[in-house]
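Hello,

Here is the structure I promised to hand over. Please have a look at it first, and then read on for what turned up.

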Amino acid sequence: MKHGIIIILLTLFARQACSQSEYGAGFSSPFDFPLIMSGNFGELRVNHLHSGLDFKTQGVSGKKLLSIGEGYISRILVTHGSGYMLHVRYNNGYTAIYRHLMGFVSPIAERVDAYQYKNETWEVSLTPDSTEYPVHAGQQIAWSGNTGYSFGPHLHLDLMETESEDYVDALPFYKQLIKDTRAPAIQSIMFFPQPGKGVVNGKEERQTFTPGQMKPVEAWGLTGVGIKAYDYMDETNNRYGVHTVSLSVDDKEVFRSVADHFSANESRMIYSWTYNAYMKSFIEPGNKLRMLQAFNNQRGLITIDEERDYRFKYELTDLYGNTSRYQFIVRGKPQSIAQRDSTSNYYLKQGRVNSISEPGLELHIPKDALYDDVWLNYSVRTDPQSISHTYRLNDEPVPMQTYGDLYIGIRNKAVADTSKYYIANIRENGKTASLGGKYENGFVKTRVRELGTFTVKVDTVSPQITTINSGQWRSTGKVVFKVAEKETDIASYRGTVDGEYVPFGWEIMTNRIVYQINPLKIKRGVKHTVELVVTDECGNTGRIAIEAIF
Ligand SMILES: [Zn+2]
């Protein structure tokens with residue numbers, strides 16, 4: 001009898017442990033139509049790792065968004081980047097974040113509306129307690145949309161472990177609802193010979209090869225490899241991030257990446273893990289991404305120091321177990337390796353505070369900013385006409401995990417009002433981006449998270465505001481302006497109808513500022529005066545005031 005109870009208890013514990021490791025209790029679908037993904041967990045985005053799943057919404061906004069489980073709405077947000085958002089804290093230890101929504105449902109919609117009018121702000125952040133908005137699986141909690149930084153109607157669904165706040169892959173919950181028989185594929189392989197320590201085919205530069213068409217690669221010394229690879233799913237042409245990448249050399253695994261969890265802080269480490277669209281199969285010393293593992297005590301880098309063939313093998317696997325394998329030969333061949341001078345002024349060491357002092361330039365980089373050591377390819381361009389010198393800290397951008405302080409000296413005080421100065425980052429394509437900045441004692445100071453090419457510019461031009469189809473405002477129920485801000489960025493804006501504040505939203509994809517007419521507040525079909533004031537980062541103000549019937 002006693003034994004029987006113990007066995008039952010053990011069985012129960014074993015079950016619980018097992019189901020927890022497979023993500024605890026299940027979640028239901030956020031929609032009442034078939035799920036198709038347009039983005040998966042951990043896929044590479046321009047400046048971050050994708051933290052959730054993107055679900056297609058049949059090409060339209062306004063689909064009923066259903067709660068995927070039982071819990072309560074723990075945050076209500078309206079932001080420029082992710083549009084309308086909800087956090088729902090579920091009882092099974094996870095919190096879901098739903099982004100790019102078209103709008104909320106009652107009574108949240110009314111609460112957000114009242115908040116916007118009362119606080120005269122478009123952006124909203126509310127933190128209800130567990131008793132205010134309990135939800136159950138299948139209950140409608142919002143409308144899907146295309147708001148914020150979004151390229152088309154879809155739902156972005158993040159799943160976070162409530163306790164650790166780690167983002168985790170939600171696909172294990174939806175595997176049975178989505179078909180995938182297609183394996184990931186490598187498009188291209190890149191070699192990363194290490195500066196001063198290795199060469200590949202006689203060169204120090206990174207080199208790419210197409211798998212399947214590769215002759216043996218000749219190398220000597222220390223090198224890393226990486227791949228450009230994508231995963232695919234059935235019934236769609238989208239491409240996705242690869243869940244598991246494993247690299248072995250001579251049948252010994254040296255590196256593995258598993259895209260299953262990361263923290264918000266780790267997301268930026270994509271800059272270290274990847275180079276353009278290539279995922280490195282080695283770990284730079286400043287890269288703390290826990291999804292990456294190396295097994296050869298060289299962080300996944302490989303030493304080629306014998307005159308023989310080294311057999312490299314990649315194995316790529318998705319969550320469904322679809323697997324592809326690639327092999328190639330690296331032939332050890334002695335080649336001369338040019339030494340690097342680590343006493344140079346422009347040698348920055350990872351894991352240590354670094355400073356650069358040049359005439360008209362000061363740069364301070366904190367200890368944990370760099371991912372790896374770097375020899376800067378530094379140059380300065382002087383032009384007697386310009387406001388400051390133009391400093392190229394390096395020929396290609398060097399990303400950092402945290403901010404450094406950058407000071408650039410003013411040589412020509414072209415404009416007396418010092419609030420108009422800002423530091424511009426000049427991109428490789430010649431385009432410039434404002435990094436803002438503040439004038440102090442002859443220098444403009446700002447924070448930088450990437451070492452590139454910098455100069456000081458002046459912005460005295462006001463944002464230009466134009467109306468968009470004002471004749472249709474009445475029929476569409478929307479008051480729409482477009483803002484052109486050439487030099488810096490929009491810092492703030494305020495809109496009124498007949499002198500009273502109304503919540504205009506800034507659509508960052510199109511730089512439109514839009515007010516969705518609320519018929520409870522605004523009398524329809526009569527003439528109103530609309531005014532919009534927009535201020536840029538240098539304090540230049542643009543203003544438009546027009547009369548229109550809507
Ligand atoms: Zn997304």
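Let me begin with Tyr-493, which counts as buried because its relative accessibility is 19% (buried means under 20% relative accessible area, exposed over 50%, and partly exposed in between, using a 1.4 Å probe and protein chains only). Before going further, please note that this is a predicted model, in which local features need pLDDT of at least 70, side-chain atom pairs count only at pLDDT 80 or more, and totals for chains, interfaces and linings use all residues. Residues are numbered from 1 along each chain as its sequence is written, and side-chain values use heavy atoms, with hydrogens and water left out.

Tyr-493 sits in strand E40, residues 490-497 (helices, H or I with at least four residues, and strands, E with at least two, are DSSP runs numbered from the N terminus). Its side chain reaches the backbone oxygen of Phe-504 at 2.8 Å and the backbone nitrogen of Trp-506 at 3.3 Å. Leaving aside neighbours within four places in sequence, Tyr-493 is in contact with several residues, including His-80, Trp-122, Ile-513 and Leu-532 (contact means heavy atoms within 4.5 Å).

Now for the whole chain. It has 5 helices and 45 strands, and its C-alpha trace spans about 90 × 85 × 45 Å along the principal axes. Of the 550 residues, 49% are buried. Among contacts with a separation of 6 or more, 67% are between residues 24 or more positions apart.

Next, the zinc ion. Its protein donors are His-50 (NE2), Asp-54 (OD), Asp-54 (OD) and His-156 (ND1), at 2.1 to 2.8 Å (donors are N, O and S atoms within 2.8 Å of the metal, or 3.2 Å for Na, K and Ca; water is not among the atoms, so sites may look incomplete). The donor residues follow the spacing H-x3-D-x101-H. Distant parts of the chain are linked here, with Asp-54 in strand E2 (residues 52-56) and His-156 in strand E11 (residues 154-161), 102 residues apart. The arrangement is irregular because the 4 donor atoms subtend angles of 51 to 148° (four donors count as tetrahedral if all angles lie between 85 and 135 degrees; four count as square planar and six as octahedral if opposite donors are over 155 degrees apart and all others between 65 and 115; anything else is irregular). Asp-54 is buried at 5% relative accessibility, and His-156 is buried with a relative accessible area of 5%.

Glu-43 lies in the loop between strand E1 (37-39) and E2, and at 9% relative accessibility it counts as buried. The side chain of Glu-43 makes a polar contact with the side chain of Arg-45 (2.9 Å), and one of its polar atoms lies 2.9 Å from the backbone nitrogen of Asn-40.

Asn-40 and Tyr-240 are among the residues that line it. The second largest pocket has a volume of about 990 Å³, and of its 36 lining residues the closest to its centre are Tyr-84, Met-102, Trp-122, Thr-147 and Gln-516. Helix H2 gives the most to that lining, with 6 residues. As for the terms, on a 1 Å grid over the protein atoms alone, a cavity is a set of points where a 1.4 Å probe fits but cannot get out, and a pocket is an open set with protein on both sides within 12 Å along at least five of seven lines; lining residues have an atom within 4 Å of a point. Grid points are joined across faces, edges and corners, and a volume is the space filled by probe spheres set on the points.

Finally, Thr-390 in strand E31 (residues 390-392) is buried, with a relative accessible area of 10%. Its side chain makes a polar contact with the side chain of Thr-455 (3.2 Å).

Best wishes

Methods: A polar contact is a pair of N or O atoms within 3.5 Å; within protein, one must be able to donate a hydrogen and the other to accept it, and residues adjacent in sequence count only if both atoms are side-chain atoms.
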